[in-house]
Amino acid sequence: KNHLTPYAPKLLDHGDLWLREEIVSGVPINRLNTDLYTHQLNQLIKDHYNNISNTIKSISLENYLISNEQRLNSIKEFCSQEFNDELEYIFGKIKNHLTQSEYQKVLVAMSHGDFQKGNCLLTKEGIIKVIDWESVLERFYLYDLFVITSDIREGNYLDQGLAQFANKLNLYSPKPEYEDSFIFHIILLENLIFMLNDKLNPNYLNISLDLRNFVDDLTSYLQS
């Protein structure tokens, strides 16, 4: 993970399913006036994308969809049949949109996964440190940019979050080779799977309010 960004805490130890980082003291920047730290935040995002650019690779759209369908299916055993029907509908709509596009390849890279402002701590030295790296996986290469610029984790509405993200696309990353609609559908699939892993309680088959709201917003978006 320390190859992803110089703002990562020092990794002290790790196993297959866990890691231990140095303790970082600071204030999450979502609790501060973000306008005062715009330069630092912009630099953080630029550094993040400069570093993960070394991990970008191209895979076929077919393999990308197969992999994500497998990820989705591994979660569905913990869901009710009614909710599974919703997930199948969403995946079918996204898959249909992507396969009808002109693109046959998808760019993926190592991704923090939860690269939100709440995980960016401003230390007393005035340095931003990014915490909570346990969700690192290979994802669509623009996913982290979506999370931090859309404010989707801060309760932003989906349409508004996508608009904010679209406005930042050419500022922080190499110019995308895809149309916005293709990017949006891939990112929304990634975010659905992330939230299912993060918000679903398998012990109680419980769907959090955040997850329920996102699924409803996503369904409305796909139907529009």
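Helices (H or I, at least four residues) and strands (E, at least two) are DSSP runs, numbered from the N terminus. The views show a predicted model, in which local features need pLDDT of at least 70, side-chain atom pairs count only at pLDDT 80 or more, and totals for chains, interfaces and linings use all residues. Residues are numbered from 1 along each chain as its sequence is written, and side-chain values use heavy atoms, with hydrogens and water left out.

**View 1. The loop residue aspartate 132.** Aspartate 132 sits in the loop that links β7 and β8. Its phi is near 60°, a positive value in a residue other than glycine. Most residues other than glycine have a negative phi. With a relative accessible area of 31%, aspartate 132 is partly exposed (buried is under 20% relative accessible area, exposed over 50%, partly exposed in between; 1.4 Å probe, protein chains only).

**View 2. The loop residue aspartate 151.** The loop between α4 and α5 holds aspartate 151. Phi of aspartate 151 is also positive, near 60°. Aspartate 151 is buried, its relative accessible area being 19%.

**View 3. The open sheet β4-β5-β8.** Three strands make up this antiparallel open sheet, in the order β4-β5-β8; two strands pair if DSSP finds at least two bridges between them. At the edges are β4 (57-60) and β8 (137-140), each of which pairs on one side only. On average, neighbouring strands of this sheet are turned by 45° against each other, direction ignored. β4 and β5 (residues 105-111) run antiparallel and are joined by four bridges. Serine 60 has lysine 105 of β5 as its bridge partner. Helix α2 (residues 61-76) lies across β4, β5 and β8 and runs at about 80° to β4. Axes are lines fitted to C-alpha atoms, for helices over the stretch in contact, and angles run from 0 to 180 degrees between N-to-C directions.

View 4. Three bridges pair β6 with β7, and leucine 121 stands opposite lysine 129 in β7.

**View 5. The buried residues of helix α1.** Leu41, Leu44, Ile45, Asp47, His48, Tyr49 and Ile52 of α1 are buried. Their cover includes β5, β6 (120-122), β7 (128-130), α4 (143-150) and α5 (158-172).

**View 6. Helix α2 against helix α3.** The axes of α2 and α3 (residues 81-99) come within 12 Å and cross at roughly 175°. α2 is therefore roughly antiparallel to α3 (under 35 degrees counts as roughly parallel, over 145 as roughly antiparallel, 65 to 115 as roughly perpendicular and the rest as oblique). α2 contributes Leu61, Leu65, Glu69, Leu72 and Lys76 to the contact, and α3 contributes Asn84, Leu87, Glu88, Phe91, Lys95, Leu98 and Thr99.

**View 7. Helix α5 against helix α7.** α5 and α7 (residues 209-223) pack at about 75°, with their axes 10 Å apart. This makes α5 roughly perpendicular to α7. Leu158, Asp159 and Leu162 of α5 meet Phe214, Asp217, Leu218 and Tyr221 of α7.

How values were computed:
Contact = heavy atoms within 4.5 Å.
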